[in-house]
Amino acid sequence: MEGSGEQPGPQPQHPGDHRIRDGDFVVLKREDVFKAVQVQRRKKVTFEKQWFYLDNVIGHSYGTAFEVTSGGSLQPKKKREEPTAETKEAGTDNRNIVDDGKSQKLTQDDIKALKDKGIKGEEIVQQLIENSTTFRDKTEFAQDKYIKKKKKKYEAIITVVKPSTRILSIMYYAREPGKINHMRYDTLAQMLTLGNIRAGNKMIVMETCAGLVLGAVMERMGGFGSIIQLYPGGGPVRAATACFGFPKSFLSGLYEFPLNKVDSLLHGTFSAEMLSSEPKDSALVEESNGTPEEKQASEQENEDSMAEAPESNHPEDQETMETISQDPEHKGPKERGSKKDYIQEKQRRQEEQRKRHLEAAALLSERNADGLIVASRFHPTPLLLSLLDFVAPSRPFVVYCQYKEPLLECYTKLRERGGVINLRLSETWLRNYQVLPDRSHPKLLMSGGGGYLLSGFTVAMDNLKADTSLKSNASTLESHETEEPAAKKQKCPESDS
């Protein structure tokens with residue numbers, strides 16, 4: 001829905017949202033394989049052992065299917081009418097078909113010659129069908145299976161879709177599950193539901209999943225509310241977050257805060273000097289190695305390349321990398337301008353980052369967050385016990401871990417600590433089904449596990465800790481309750497009439 005101009009806060013991107021524009025982040029889809037890229041003119045993209053340019057996708061609608069033609073050009077695929085069941089000639093069963101490798105008249109050299117002539121994959125598949133001596137003897141189901149297999153091999157049909165939490169989580173889980181701690185897409189959906197993620201929330205997110213969980217929370221909140229991301233190390237990794245292609249208005253409510261400063265914030269010893277001292281100490285290192293932002297950008301590019309393009313060892317990719325390295329925009333900071341301008345720019349960025357850290361510290365100090373999401377490679381117990389102090393009462397929290405044992409320990413510690421209710425340790429079970437006419441059944445292969453979730457709600461516990469007399473009264477009440485059955489057994493003395 002389009003937002004009105006008078007509505008406060010970030011506005012959705014309209015009206016050309018359904019059209020692909022230069023600079024947009026998109027996801028390429030071929031069968032069940034995905035890859036996230038940014039649309040740039042004359043940029044060579046390698047996907048599933050094929051290279052092409054994305055120039056022709058600009059201006060088309062999301063969901064359009066393209067066919068790779070000669071010269072790496074993408075052309076919209078025209079829909080063709082499938083032959084009806086009456087026109088198909090099929091056998092009754094496959095008992096007399098012998099797979100001896102002699103049923104196909106075309107050889108590999110013939111197929112290669114057809115490719116060299118520039119014949120489309122659809123025509124190659126048609127010739128394979130015509131030159132197969134056993135195709136007409138196969139059953140109708142076997143023929144469909146044969147055609148689908150050959151199309152997957154010879155037809156280069158690529159669909160450009162809009163990035164979303166579901167698509168990106170499926171992509172990461174299939175290609176690089178280690179980057180997201182083996183979090184399955186249905187587990188991520190459960191996290192968003194159990195965490196009550198909605199617009200206007202004030203959320204705390206601690207994750208080491210390449211920014212996938214952070215991007216999912218941002219997408220669900222729609223740019224309304226605030227998110228404080230706690231990160232370990234020198235800076236947050238947001239490779240997957242960048243693939244969503246959020247507008248700048250979404251970033252206004254995103255804050256980050258270093259995880260190693262949380263203890264000082266809890267004990268009231270945090271100050272602005274703790275942040276301002278770090279850039280001075282690392283000034284010499286940054287001059288020689290680049291700014292933290294540049295390092296973070298390079299880390300995110302490495303994340304993207306590893307998660308999206310495992311087939312990047314082809315000569316075409318090497319040529320692209322050489323071209324990029326020769327681009328003046330990718331030269332070192334000293335070559336782009338004077339050293340003085342570079343230092344001033346670096347100091348300006350550090351000052352902006354320091355202000356954002358102070359704003360995040362102020363938001364955390366209010367201790368009224370609407371929820372907590374933890375999905376990291378670290379042990380969840382110390383993280384959760386520390387971060388729960390920043391969450392307001394009657395608010396949900398969700399913790400993800402690839403293994404069950406750390407969450408069991410966390411469950412026990414929370415029981416001993418108190419201040420939480422409705423604790424639940426769960427694991428989702430996922431199985432895919434094939435749904436086709438007369439062929440619907442569960443697929444043979446299924447996921448072994450998608451991780452575990454510990455969820456619950458916070459409750460106020462300050463009054464119970466402060467009022468010790470309340471505990472004594474409670475214990476006295478319990479003792480009376482235990483003695484009550486015995487008191488009921490006593491008989492009243494009979495009065496003389």
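User: Is Y53 buried or exposed?

Analyst: This is a predicted model, in which local features need pLDDT of at least 70, side-chain atom pairs count only at pLDDT 80 or more, and totals for chains, interfaces and linings use all residues. Residues are numbered from 1 along each chain as its sequence is written, and side-chain values use heavy atoms, with hydrogens and water left out. Buried means under 20% relative accessible area, exposed over 50%, and partly exposed in between (1.4 Å probe, protein chains only). Y53 is buried, at 17%, whereas W51 is partly exposed, at 30%.

User: Which kind of aromatic pair do W51 and Y53 form?

Analyst: Rings of Phe, Tyr and Trp (its six-membered ring) pair if their centres lie within 6.5 Å; planes under 30 degrees apart are stacked, over 60 edge-to-face, and the rest tilted. The whole structure holds 5 aromatic pairs. W51 and Y53 are edge-to-face, with 5.8 Å centre to centre and 85° between the planes. By contrast, F244 and F246 are stacked, because their centres are 5.0 Å apart and their planes at 5°. F244 is buried, with a relative accessible area of 8%, and F244, F246 and F250 form one aromatic cluster.

User: What sits over the ring of Y53?

Analyst: A charge sits over a ring if NZ of Lys or CZ of Arg is within 6 Å of the ring centre and within 35 degrees of the ring normal. The charged end of R42 takes this place over Y53, 4.1 Å from the ring centre. K44 lies over the face of W51, 4.7 Å from the ring centre.
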